[in-house]
Amino acid sequence: MTNAPKIVLCWAVFFTAGSLQAQYAMDMRLQHTAYIQFEAMEVHIVLRNDTDRMLLIGGLRETASLDFSITKHGESVKRRSRGLLVENVLIMPGQTREMAVDLGRHYDVQTLGQYEITGLFSADGTRFQCLPRVVDVVPGLELTSAYRAVPNHPGMRRKYTLKYWARKEREMLFLSISDEKGVVNYGVFMLGPMVRVTPPELTVDGAGNVLVKHQADNGVFAHTTFKSTVDGVTLVRQQIKTDDAKVPGGPVSK
């Protein structure tokens with residue numbers, strides 16, 4: 001269920017006033033340039049500390065801070081949480097550390113549209129920033145959907161939707177789970193590459209077992225199982241199976 005990520009790089013080297021020696025360097029990485037609506041949007045910040053002082057980011061005793069400036073169609077996207085982006089990240093002199101932040105947990109980046117994201121770093125009373133990067137939040141292309149009540153809660157119905165979107169010139173299959181009206185989302189799961197020779201199958205039983213079967217390659221099928229409970233939806237396992245029946249397009253992948 002993995003896919004070689006498309007990395008978007010942003011490298012900034014910062015200098016102190018009157019100095020020719022770089023003091024900090026920051027790199028911002030985004031896996032994709034487009035995300036399915038409600039999919040986790042994880043950004044990786046790599047920070048190098050070339051000073052003679054340690055940096056502490058996040059927490060009551062922090063000596064430096066990390067933040068993001070996000071705009072949508074020119075308007076600022078505000079923070080939606082009060083929690084720390086990262087917590088107690090210590091970067092010693094000469095050390096490089098990588099920090100991962102799920103932007104969707106802290107900013108309203110779930111609505112459809114285009115976003116401009118800038119990484120911000122503050123230290124020694126000065127704020128520095130990376131070059132901005134642009135990502136799109138897209139609805140995805142719907143293939144099929146099913147409705148089913150949550151086990152032991154007949155008044156609580158969920159919608160299970162299979163969608164696809166192209167990444168790295170391959171079509172990727174996603175499962176999105178929401179409430180019946182599409183207001184609350186319970187997760188978007190990338191199921192891996194998809195070949196649309198055989199239509200994917202989606203089944204949800206009364207016990208909350210969710211099974212998705214889709215063609216991942218010529219003669220190769222992925223069987224992905226989830227469990228839906230009142231507390232949410234979790235991935236149970238994914239199995240890759242080779243069917244005896246061959247489909248057009250060449251030999252079965254090993």
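Author: A surface patch is made of residues with over 30% relative accessible area and no salt bridge, with like charges joined within 9 Å and nonpolar side chains (Val, Leu, Ile, Met, Phe, Trp, Tyr) within 5 Å. A salt bridge here is a side-chain nitrogen of Lys or Arg within 4 Å of a carboxyl oxygen of Asp or Glu. Areas come from the Shrake-Rupley method with a 1.4 Å probe, and for residues only the protein chains shown count as cover. This is a predicted model, where local features need pLDDT of at least 70, side-chain atom pairs count only at pLDDT 80 or more, and totals for chains, interfaces and linings use all residues. Residues are numbered from 1 along each chain as its sequence is written, and side-chain values use heavy atoms, leaving out hydrogens and water.

Reader: Okay, so which residues make the nonpolar surface patch?

Author: M54, L90 and M92 do, and the patch covers about 260 Å². M54 sits in the loop between β4 (42-49) and β5 (55-57); strands are DSSP runs of E, at least two residues, numbered from the N terminus.

Reader: Why does M54 count as partly exposed?

Author: Buried means under 20% relative accessible area and exposed over 50%, with partly exposed in between. M54 is at 49%, so it's partly exposed.

Reader: What about D124: what is its relative accessible area?

Author: It's 48%, so D124 is partly exposed too. D124 lies in the loop between β10 (113-123) and β11 (126-129), and has a positive phi of about 55° although it isn't a glycine.

Reader: How do strands β19 and β20 pair?

Author: Two strands pair if DSSP finds at least two bridges between them. Strand β19 (residues 220-229) and β20 have 10 bridges, in the antiparallel sense.

Key:
Helices (H or I, at least four residues) and strands (E, at least two) are DSSP runs, numbered from the N terminus. Buried means under 20% relative accessible area, exposed over 50%, partly exposed in between (1.4 Å probe, protein chains only).
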